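Me: I would like to go through this structure slowly and ask what stands behind some of the words used for it.
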Amino acid sequence: MSAAPDTHHEAGPGLYPRRWAALGVIAISQLMVVLDATIVNIALPSARADLGISEADQQWVVTAYTLAFGGLLLLGGRIADYWGRKRTFMVGAIGFAAASAIGGLATAGPMLFGARALQGVFGALLAPASLALLTVLFTDAKERAKAFAVYGAIAGGGSAVGLLLGGVLTEYASWRWCLLVNIPIALLALALAIKFVPESRADGDTTYDIPGAVIVTLGLASLVYGFTEAAKVGKGWDSGTTWGFIGAGIVLLILFVLVETRTKNPLLPLRIVLDRNRGGAYLTSVLVGAGLFGAFLFLALYLQNVLGYTPLKTGFASLPVTLGVLIAATVASNALPRTGPKPLMILGPVLAAAGMVMLRFIDLDTSFWAHLFPAQILLGLGLGFTFVPLSSLALVGVPEHDAGAASAALNATQQVGGSLGTALLNTIATSAITAYLVANPPQNPAEGRRAGLLAQADGYSHAFTWSAALILLAAVVAAVFIKVGKQDLPTPEGAHMG
């Protein structure tokens with residue numbers, strides 16, 4: 001595969017003089033996209049009360065974003081490749097700012113859900129354009145490792161930063177600023193991109209697989225809606241509606257695979273996924289995403305609803321995860337060229353799962369420093385050790401023409417995992433809370449509040465247990481599928497395959 005035909009007019013491979021400034025721009029935009037998945041977690045109670053959103057529907061504030069984002073990332077990657085990565089990046093930033101404004105000014109639940117979905121649509125342009133630009137700008141092996149360390153740290157820590165920022169904004173301003181804050185960030189990224197980011201695009205067939213994008217997005221939405229139905233009172237896992245939507249989602253995803261095998265220029269070339277190492281990396285990403293998003297959501301709910309933390313205190317109480325990610329990302333970026341990705345991708349999920357198992361043993365007066373702090377440090381270390389090799393491994397041996405699709409697939413797997421994981425874990429937690437109250441009914445009104453808190457703690461505990469299982473399964477997948485050695489990591493020659 002030849003290199004992109006028009007990258008040379010502004011940047012020769014690995015020689016672009018402003019590549020580190022461009023990395024800063026990419027980092028700003030990626031942080032905005034990643035933290036937006038969790039920044040609203042702490043703001044949820046305030047937004048619910050303000051807009052009259054039901055408890056059953058509140059999760060759509062999270063999943064409307066992750067669904068649209070994950071479902072359309074594959075199409076976004078192709079658009080970035082063919083239309084121009086800088087141009088796609090800039091359109092994504094403008095659209096993200098506009099969608100954030102709509103959400104921040106929302107007057108009803110559906111308007112907020114719609115704005116969050118629209119943020120996901122433009123995030124699906126922004127994220128793959130960012131990572132594809134990174135692969136084009138950094139072709140020296142050592143520089144590439146440093147760039148991926150920055151990207152990996154943001155991918156792993158951005159969610160925790162979102163929780164902190166959400167706490168500060170909710171307590172001192174309004175939940176609406178959790179969305180409006182994106183406007184200045186997006187405009188800053190836009191202004192810097194004009195000056196520092198070069199244009200590049202792939203050659204070859206530039207048609208788009210619109211049917212594939214529609215089918216995969218509908219399939220994922222149907223799956224998530226099925227899980228949501230299972231959490232509703234009067235529905236549950238015995239409901240025909242629940243299994244109808246889950247079944248329809250599975251059928252649509254199977255149809256998507258069939259369509260991709262018959263499309264001349266598919267949304268997701270199966271050659272990208274069927275590679276043993278990349279397939280393993282993507283599956284690992286799905287499982288870690290499923291456990292990660294649920295963990296942050298239920299940790300925020302536990303800290304506020306059970307321990308009674310304020311939004312600001314909840315945000316600060318989430319910082320240990322970020323600390324762990326930063327430490328692990330630094331260590332992992334230095335170790336990756338020496339060890340290869342496999343040892344890190346086994347160690348990371350094992351550490352993260354250990355942290356999640358610790359969170360399994362929460363109660364009404366759990367100590368922060370003795371229990372929650374070390375658990376979150378372990379979780380952060382695990383995520384850092386996982387995301388750094390994931391970012392690099394998912395692009396090993398990918399032709400330049402497929403760089404956008406491959407990077408989009410990596411982002412998509414994390415978001416799709418997050419969407420499915422949040423919906424599934426929410427169902428598990430809700431069912432456990434209900435079961436606890438049925439098994440331990442309060443004898444009088446005085447016991448009612450304590451029983452409710454114990455039920456919530458039990459529900460969140462179940463969610464953390466399943467999160468640990470999902471993340472631990474990721475370690476097994478990495479051990480079985482990943483065969484790439486340190487000698488196979490991207491090089492100046494291999495980065496562009498031609």
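Me: How do you know that the span of α5 is close to the one expected?
Reply: In this predicted model, α5 has 29 residues and reaches 42 Å from its first C-alpha to its last. The expected span is 1.5 Å times one less than the number of residues, which for α5 comes to 42 Å, so the span is called close to the expected one.

Me: What makes α5 mostly covered?
Reply: Of the 29 residues in α5, 22 are buried.

Me: How do α3 and α5 pack, and which hand does their crossing have?
Reply: Helix α3, residues 60–83, packs against helix α5, residues 109–137, at an angle of about 30°, with the axes 6 Å apart, and α3 passes α5 in a right-handed crossing. By class, their contact has 20 nonpolar residues, five polar and one charged.

Me: Why is Ser100 called buried?
Reply: Ser100, which is found in helix α4, has a relative accessibility of 0%, and because buried means under 20%, Ser100 counts as buried. Leaving aside neighbours within four places in sequence, Ser100 is in contact with Gln119, Leu179, Leu180, Asn182 and Ile183.

Me: Why is Gly240 called exposed?
Reply: Gly240 belongs to helix α10, residues 240–262, and has a relative accessible area of 58%; since exposed means over 50%, the word applies to Gly240. Its C-alpha atom is separated by 9.9 Å from that of Glu229, eleven residues apart along the chain.

Key:
Residues are numbered from 1 along each chain as its sequence is written. This is a predicted model: local features need pLDDT of at least 70, side-chain atom pairs count only at pLDDT 80 or more; totals for chains, interfaces and linings use all residues. Side-chain values use heavy atoms; hydrogens and water are left out. Axes are lines fitted to C-alpha atoms, for helices over the stretch in contact, and angles run from 0 to 180 degrees between N-to-C directions. Helices (H or I, at least four residues) and strands (E, at least two) are DSSP runs, numbered from the N terminus. A crossing is left-handed if the near helix is turned anticlockwise from the far one by less than a right angle, and right-handed if clockwise. Ala, Val, Leu, Ile, Met, Phe, Trp, Tyr, Cys and Pro count as nonpolar, Asp, Glu, Lys and Arg as charged, and the others, Gly among them, as polar. Buried means under 20% relative accessible area, exposed over 50%, partly exposed in between (1.4 Å probe, protein chains only). Contact means heavy atoms within 4.5 Å.
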